[in-house]
Each structure stands twice: as structure tokens, then as C-alpha cells.
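I opened the notebook to look up a few things in this structure. My notes follow.

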Amino acid sequence: MDRRDFLRTSGILTGLLAAGSPLALLAPSRAWAVDLKKLTSAEGATLMAVARTIAPHDRLEDAAYALVARSADADAAGDAATLALLRGGCQQLGSGFATAAEPVRVQALKAIESGAFFQTMRVKTLGTLYSSPIAYAYFGYEGEAFSKGGYLFRGFNDLRWLPDVPLEASGPVPGKS
Amino acid sequence: MVAIAHDDDTAVVIIGSGAGGGTLAHELTRRGIKVVLIEAGRRQSIQSFTQVPGDAFAQVTWLDPRTQSGSWTVAQDFPTLPSWTAKTVGGTTVHWTAATPRLRPWEVSSRSTYGAIEGTSLSDWPISYEELKAYYQLAERRLVVTRRNGNPGMPASNNFKVMYAGARKLGYKAVHTNYMAINTRPADGRNFCIQQGFCVQGCKTGAKWSTLYTEIPRAEATGNLDLRIECMATRIEHGANGRVNAVVYRDAQGKEQRQKARLVCVACNSVESARLLLMSESSKFPRGLANSSDQVGRNYCHHVGAFVWGFFDKPVYGWRGATLAGIIEDEEVNEPKRGFVGGYHLELIMLDLPSLPLAGLPYGWGRDWAWSLENYRNMSGIFVVGEDMSRADNRITLDPKVKDRFGLPVAHIHVDDHPNDTAMRKHAQDQAEKLFDGLGARRVVRSRATPATHNMGSVRMSADPAKGVVNAHGQSHDIPNLFVSDGSQFPTPGSANPTLTIVSLALRQAQYIEKQMSARDI
């Protein structure tokens, strides 16, 4: 535990992007850090592991899962009931959850699936994880298109493994004939 | 734009600026009629629209609370979002995907065509198809619909190439890039589509028709429109003579205001239109305004809706391109031997991240569930849009407990699936699955029912005042100067995406209102 973390009651999550990660090209540094306002580092690590168990993508950076913990922490900072819910959930899962093997984590979550903690974390994970630029890069979604002229000349019809559609069932591509 | 005094009782007050209200506002103001247009949402523009999916959703979606119940799976899967509608100038024409098929002739006489079906409240439209068709032609010109009036179709996207190849293999014949209110070339002061994807967002080129781009600015240009944004109508008032005479609303600061009116038109999208009428109850109308028939809120329809996703070994990049530019029309027939009455379309679809995991995939988590997202690049989508059965008890009521920020009861939506709906959904999803399997899909994933984007029927038309709320012109049977101008008028939903029909009815209603006002009937 470093001095900074020792002096705080709330936590910090840190990590390194994989060397070959496409994000390493975008980020100012390979190192990333997420400050938590209310939750401890251990609780943050538990929530990251919950998120990775709900939505496991092996080659997706920890940094993406840390965003889920950060967003949950922000909710907790604004609402005492949410803080209690998250804290209680982490406590129930126990300190070993974050480092347990996936089948163990899956069993632990199945046991609490119907509860408010899991359901809150499931929606939080889906809404946060899959809307981050990190996830966009990973899943291939090319994002905002207007500033690049849409996809009209960037592959909206570049699929070649099926036959082209006859003109009578479609229409001309603007700018081409 | 003009400022109309709050005590000016000569103006028409329209509540809601979407397909119905926005179109009607333009049609009345260009005929020299003064209109106060009350809109709950903010005004966005092609400059302010964002393409960050979560932000785009929050920018235009109606997020005020609603509650729900019933056997439809939406009640379990989307407890806080039974209906996905818009709160913004332009209403749902900002977030719609611009598919504009017409109803079929037999769909406006469903009761006569399908016969008496237990557990339904089917009713024929009081308008003939021939008459409706004349207004479809006007609306299609207004919206510059593709594949109509000599307009070319939209070009085929990657996602449509999958749909087309699979559909042809399955033997379907009527397969094309849909009838779309999206420009393929500059027209009517709007730009053309550059295939940005995710048409549920506000369109940043204006290629997608919206009252925000055309009807509302044109109404403003007449000098007869007073558009009041961030104003939430809470009550319609009437005088001792039983005619409506004012609309009460909360302004952007939450302050209560009262606008006098010669005539009131309700166009708040079915759920809120019914809610507003029910909230406007009085000693003269104890069951809710214009509700002597007890039909306000009843017969709420939402279409048989569901997704089917096909996953392939090769990329599709389905997010590239106009979202709904693809349709299979072959199943839009009434063939009871399929095990259900009525028909459905299969339309092209793709969802953004995070809408796909939140709303497009069935509930789940873990490795097998996440596989679908791992293959986002390689997926193609089909959206089922079919006629759901009108049922008297599928209805909008006022929630007895939950209140909005003004302390007013929120809308409660109750929907029980009819066995016909369940059978149709299964048939449609089976067909879509066969389509993907025929192309060698690695896997096909089906959703359950989706939140309602098509909301219809809650303030239905009828020729007989005992059986419906409004007449064939959307005019209240009880109160001649009260009109309903949105999809809630539909006696039955048919299987067409509703916007074109809503616009057509608004064009027709405007002519009727002008005539009635000139004759001093209202």
C-alpha cells in the first residue's frame, strides 16, 4: 500500500495497458489510474471482478472494467443507499472474490443473482463497459461518423462475401452514377 | 414566430410537436390560423445532436417515470422503460428510424377481416382505405419517401446485403431497402444521407425527415406560431358549456401557466395523450376528459416487436448505414393457417453499444452471453414489426401511487400478450432464424419483446360514440373543440410503422379543422 492510499479512506485503482494494446497509441501513458471517492481500493477491485464476471472479454483491458467501478463509486458518492448496497455486496462476496478463478466467481454471483446488488451491478456494467471508447476500440465499433462524412465512402457497403443487391431492390449510391 | 397572449382565446393550442402535432401546426399556421404549440422537451438542432450513443439517448428520450404490469415480458425486462418515446422539439420524428410503409387495405377493417376473436376488442377504422390512400400520397410527397413518386430507393448497406441474400434463399419476393423518409439526394431543403448509422439519434445531416427540420420552422415562418418549449401540459380545462377553453402547463421554471384556447389538439404520443385526458377529469367528466365511452386509455397497442440476431464468420459492420433501410413484406398477409391472424414485416436493424446488451439481447451475463458482443462486427439484425391484438384491458391508467416531479400521477401501462401475439412473434422469429441459418450463421440469438417504440390506440376512433373516443377526424365525440392528433387515434395498429399514417391523418385533420372553424362550427 502506498503512502497516498494509506492516508485516504477511499481507494485508487491502477494498472498498465497491455504493450500491444491499440489504446496504448491513444492514451498519453500506458499507466492508468482511477480515483475512487467513497469505495476502498479493495471494494473497487471486487467491483471490477464482478464486472469482468458479468461481461468476460479476455483481451479487454482492466482499464475498461475500472470505469465500471468508477461509475459505481460516483453513484455511491451521491447516494448513501447505493453506497450501503455496494459495500454490503462486496462484503458478502468476501476479500477473496477479486482474485478467485472464474468458475468460483460465477458460482458466487449466481448465489446472489436475484438480489439488488447483482442486478444493479449488471445494469451498471452493461451501461458503462460497453459505452466506453476502450470498448469501442475492442469491439470494432467505429463511433461518431458525422465528422468523417458518415460511412458512405467508408465501407457502408463493402461486404463482399455475399452477392450485391440488384438495383431494383435498392438504389444508387450518391456520387456514383 | 409570434407571441400569443395567454388570455387570447382565439388560438388553437396543440400539445406535442411530433409527427402529428408538428405537422398539424404547420398545416394550420399556413392556412392563417394562430397556433400555440406546447412541447415538453428542449429544442435540438443538427449542430447540437450528439452521436455518442448514451448521450444521444439521454438527449431526446422521454425519461419521466412510468410504471407497468401485465404478462408481456417487457414488464420484467424493462421495468422503467415500457415505452421508448421522445421528449424534444420534433418528438419521435427526431428518434424515429424513418421507415414509412403503408397500412394494407384489410388492416383498416381488421374486425371484418379477422372476425370475432376472443379476448380482443378489434374494431374497423371509420375511414375507408381509399380515402386514407389519398392522404398517404400527400404524406409521401411531403416526407420525400423513397421508392414512391419516382424517388429512388436507398442504396444497399452491408447489413441489407445479408437480409437480401437470406430472404431470397428463403423464397421471399418483396425484399428491398424499405420505404424511407430519408433523402437519397438533396430535396426539400434537406441534405442527403451519408450513412451515419443509428438513426435513433438526431440526424446530423437532416436527411431523415423530422418536423424539427421542416414543419416547425415553416410554421414559424408564417408568423402564426408560438412554440413554447420545456412546457409540460398538465390539464385541459373546459367551461360550463362543456367545451374546452384552456390548457394548463408547467413552464421551464416549473411555474404553472394557463393558455386560453378556441380549440385543443392532443398529440403527446399515445401513453401521455391518454394520461393527459385522464388527468383532466372534472365533475362534468368524472372518468376523464372526453371519456363518456370509457375508452380513454384502452386498446393500447405497441406492435409485436422483437429482434433476431445472426452471427457470421465474416464481418458485417452492421452499424454502418441507415438503420432500418431494409424490409421483407411477404409476411404482411392475413393467412390464419400460419396459426395467427394479421401480418408482420421483417425490417433491418442494428443497435449501438450499449443499447445492444441493455435492450437487444435477452437477459443474461457470463461467458456465453458475452459471446454475442465479442462478435459485434459479425452480426446482422432483423426487427419484427407485427400487428398486435387490440384488447380493452391493455390500457393506460393513472398510477395510484407514483407521482412525477410536479406531484401528478404517472402513466401506468398494463399489457397482457394475446395468444395471437405470441404465435406471431414465434413465427416471425422462426422465419428470421431460418433466414440467417440459410446463409450459414454460426449462431442465431433471439430477443424477447422490446420496449414499445410504436404506441397506438389508447384514444381510439369510432363511428359510434359509445365505442370510441374520437370520430373519423380525430374529433372528440363528447367535446367538439377537442381533437386527438397522434397515433392514439388508431382503432387498431396494423403492422406498418405508424409515423406515415399519423402524418396522413394530421394532413386530413387540418383540412377538417379549417373547414369547421370557417363555418364557425368550432
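I started with a definition: two residues are in contact if their C-beta atoms, placed from the backbone, lie within 7 Å. This is a predicted model, where local features need pLDDT of at least 70 and side-chain atom pairs pLDDT 80 or more, while totals for chains, interfaces and linings use all residues. Residues are numbered from 1 along each chain, and chains are lettered from A as written.

**Entry: where the chains touch.** I looked up the contact and found 46 residues from chain B and 37 residues from chain A. On the chain B side, α7(B) gives the largest share, six residues.

**Entry: a sheet in chain B.** Which strands form it, and in what order? I found six in an open antiparallel sheet: β4-β11-β12-β13-β10-β16. Strands pair if DSSP finds at least two bridges between them. β4 and β16 of chain B have a single partner strand each, so one side of each lacks a neighbour in the sheet. Between β10(B) and β13(B) I noted eight bridges. B:A306 stands opposite B:V384 of β13(B).

Technical notes:
Helix = DSSP H or I, 4+ residues; strand = E, 2+ residues; numbered from the N terminus.
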